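Dear colleague,

I am passing on to you the structure below, together with notes on what turned up in it. Please read the notes with the structure open beside them.

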Amino acid sequence: TALATYVQNGGTLLMWRTADSNLLTSLGVTASSTFSGTDKRLVTFNTQTGDGIVRYIDDDVEVNWQMEYWSMGTTREYTTGSATAIATWTSGKAAIVRSNVGTGRAYIFGWRLKNVMADAELQNIPVNPEPQWTNTQVLDADIARIMMRGIYETLPGSPHVRQMAPNGKQAA
C-alpha cells in the first residue's frame, strides 16, 4: 500500500520482482512468472512508446538486446493489463513494464538491475570470456545506464544525473 501510494502521489518506482500480487495488480500487471534457464534471452524494446527509458536506445544491437546476464539469477515475465510493455522477451511477455498511476510512474523490470550494472563494474562477467581486469565492452551495463538516465531526464523537475564512479573515487 505504501509503494502504491508513493507512486500515486508522484513518485517513481523501479522494481524487479515482488511476491505481492496486489501491488502488481495495482500497477496494472495481471500476471508474472519466473524463467530460470541457461539460454540467453533476447529483449526487444518498443522504441515507439515515447517513454524516457528508451530515449537513447536507437541502435539495432540495443533495440534487440541479447542479454548476457541471464545466468546471474532468474528473470521475470509479465502479462500487462493497464500497464505498457516497454520491452518484451522472445516469449512475447513483457520484460519491462511501465505503469502510470496517479501522477507517478512505476517501472517493473524482468531482471535485477544490480546484476546488470554493478557486476559489470566488478568484472563479474557470467561466462568469463575475457581475462579479469581488461577493458571489455559490456553492453548490458551500458544499456542499463542509458535506460536509467532516460528515466531521470524525463522526470518532472530538475533531476541530477551522475556517472557511476569506480570504487567511489571522486576523480572519476
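In these notes, buried means a relative accessible area under 20%, exposed means over 50%, and partly exposed covers what lies in between, computed with a 1.4 Å probe on protein chains only. By that scale glutamine 66, with a relative accessible area of 41%, is partly exposed.

The model is a predicted one, in which local features need a pLDDT of at least 70 and side-chain atom pairs count only at pLDDT 80 or more, while totals for chains, interfaces and linings use all residues. Residues are numbered from 1 along each chain as its sequence is written, and side-chain values use heavy atoms, with hydrogens and water left out.

Glutamine 66 lies in strand S4, where helices (H or I, at least four residues) and strands (E, at least two) are DSSP runs numbered from the N terminus. Leaving aside neighbours within four places in sequence, glutamine 66 is in contact, meaning heavy atoms within 4.5 Å, with Lys40, Arg41, Leu42 and Asp140. Between glutamine 66 and aspartate 140 there are 74 residues of separation in sequence, yet the C-alpha to C-alpha distance is 8.5 Å.

The aromatic rings come next. Rings of Phe, Tyr and Trp (its six-membered ring) pair if their centres lie within 6.5 Å, and planes under 30 degrees apart count as stacked, over 60 as edge-to-face and the rest as tilted. Searching the whole structure gives four aromatic pairs. In one of them, tryptophan 65 and tryptophan 111 have ring centres 5.4 Å apart and planes at 90 degrees, so this pair is edge-to-face. Because tryptophan 65 lies in strand S4 (residues 64–67) and tryptophan 111 in the loop between strand S8 (104–109) and helix H4 (113–121), the pair ties together parts that are 46 residues apart in sequence. Tryptophan 65 and tryptophan 111 are both buried, and the rings of phenylalanine 109 and tryptophan 111, with centres 5.8 Å apart and planes at 70 degrees, also form an edge-to-face pair. Phenylalanine 109 has a relative accessibility of 1% and so counts as buried, and for tryptophan 111 the relative accessible area is 3%. Ring pairs link Phe45, Trp65, Trp89, Phe109 and Trp111 into a cluster.

How many residues of S8 are buried? Six of its six residues are, with Gly104, Ala106 and Ile108 on one side and Arg105, Tyr107 and Phe109 on the other. Two strands pair if DSSP finds at least two bridges between them; S8 pairs with strand S1 (residues 12–15) in the parallel sense over four bridges, and threonine 12 stands opposite arginine 105.

A nonpolar core is a set of buried Ala, Val, Leu, Ile, Met, Phe, Trp, Tyr and Cys residues joined through side-chain atoms within 4.5 Å. The largest has 24 residues, and those with the most contacts inside it include Phe45, Phe109 and Trp111. Helix H5 gives the most to this core, with five residues, while a second, separate core of 15 residues includes Ala4, Leu13, Val101 and Ile108.

With best wishes
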